[in-house]
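Hi everyone, thanks for making time this morning. Let me put the sequence and the structure up on the screen before I start talking.

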Amino acid sequence: MSIPTEPPRGAARKACPPRIALVLGSGGVRSVAAIGVVDRLAREGIRPDLVVGCSSGALFGATIAAGMNADDALETAVRLWTADLTRQKRWRALAQLLAPRWAGFDADFSLRDNRRIAERLNSAFGGLRLEQLATPLRVVATEAATGQRVVLSEGPLTDALLASMAVPFIFPSVQIDGRRLVDGVVSDPLPVGVAVDAQVVIALGLRGEMPRRPNSAKRLAAQATTAMINNLMQARLDAARASGQRIVSLHLPLRQHVGLWETGAMPALSNLGRQAAQAALPELWNALQDGHERLAA
């Protein structure tokens, strides 16, 4: 499979503000629904001029921005998102936890190695740079030292995706332009504000599922972090709307739990994305019409 790309259009592309931005938040495997969303909208002649992604949303958004059709994007997603990516343990990590001074515990600590993820990304996207993608892609990460949101729109695609998915403590941070970057979910799990220059934003935000029975330390920690991420996502969305951004939110009609690494659910999730896009079409057409009238006024 080849990836359709076009050469960067330089200043000409940057000079025109995007009409439609697709913003994809974190959500694990559920974010693959974006592929179905774009496929359904394309049948209506609606195509995003900009893709913004955070964490898994950045990963699956990259397949869209690279110009892959729905079948190729889904095939690539299945190859990229597999549970074995989390099984490449760093054996030194145990020593660093038990004897931090002796083993050299530092800010680059992680339980897992990200080399296998990098290999998968390079296999899927080659040496593509963000500025070479068919559709502009803005990847959101977090500067570990300050907690500030960082938006990547230039440079190697693989590095940007590695940074945006670098879950603290689990995967190592990624150095880009002298900054140590980690998962974008830490600062902005649904980065609608990054698309402030778009006339209309189509947002796919996926709330984390709260553990029903916090009967272990892991589940108790997950309960707290999931609540914080969900609240931050809603706060970002509310703030963007209050500032005047026109946002059409997509709602994924999930009827059962989907595991974080449940790759087999991807085709069904993509179809749910199509359903979500279908349901949002009336609101989206109204938003696009309003935007057209404002420009004409």
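I'll go through a helix pair, a strand hairpin and a few loop residues.

Some ground rules: this is a predicted model, where local features need pLDDT of at least 70, side-chain atom pairs count only at pLDDT 80 or more, and totals for chains, interfaces and linings use all residues. Residues are numbered from 1 along each chain as its sequence is written, and side-chain values use heavy atoms, with hydrogens and water left out. When I say helix or strand, I mean DSSP runs numbered from the N terminus, with at least four residues (H or I) for a helix and at least two (E) for a strand.

Let's begin with the helices. Helix H4, residues 70-80, packs against helix H7, residues 115-125, at an angle of about 160 degrees, and their axes are 10 Å apart. Those axes are lines fitted to C-alpha atoms over the stretch in contact, and the angle runs from 0 to 180 degrees between N-to-C directions. So H4 is roughly antiparallel to H7, a label used for angles over 145 degrees. Which residues make the contact? On H4 they are Thr76, Arg79 and Leu80, and on H7 they are Arg120, Leu121, Ser123, Ala124 and Phe125; contact here means heavy atoms within 4.5 Å.

Now over to the strands. Strand E3, residues 137-143, pairs with E4 in the antiparallel sense over four bridges, where pairing takes at least two DSSP bridges. Ala141 stands opposite Val150 in E4. The two strands form a hairpin with five residues between them, and in the turn Gly147 has a positive phi of about 80 degrees.

Buried means under 20% relative accessible area, exposed over 50%, and partly exposed in between, with a 1.4 Å probe and protein chains only.

Finally, the loops. Ser55 sits between strand E2 (50-54) and helix H3 (56-65), and its phi is near 55 degrees, positive although the residue is not glycine. Is Ser55 buried or exposed? It counts as buried, because its relative accessibility is 11%.

Phe169, in the loop between helix H8 (157-164) and strand E5 (174-176), also has a positive phi, near 80 degrees. Phe169 is partly exposed, at 44%.

Last one: Trp91, in the loop between H4 and helix H5 (92-98), counts as exposed at 70% relative accessibility. Trp91 and Leu111 are 20 residues apart in sequence and 8.2 Å apart in space, C-alpha to C-alpha.

Notes
Parallel < 35°, antiparallel > 145°, perpendicular 65-115°, else oblique.
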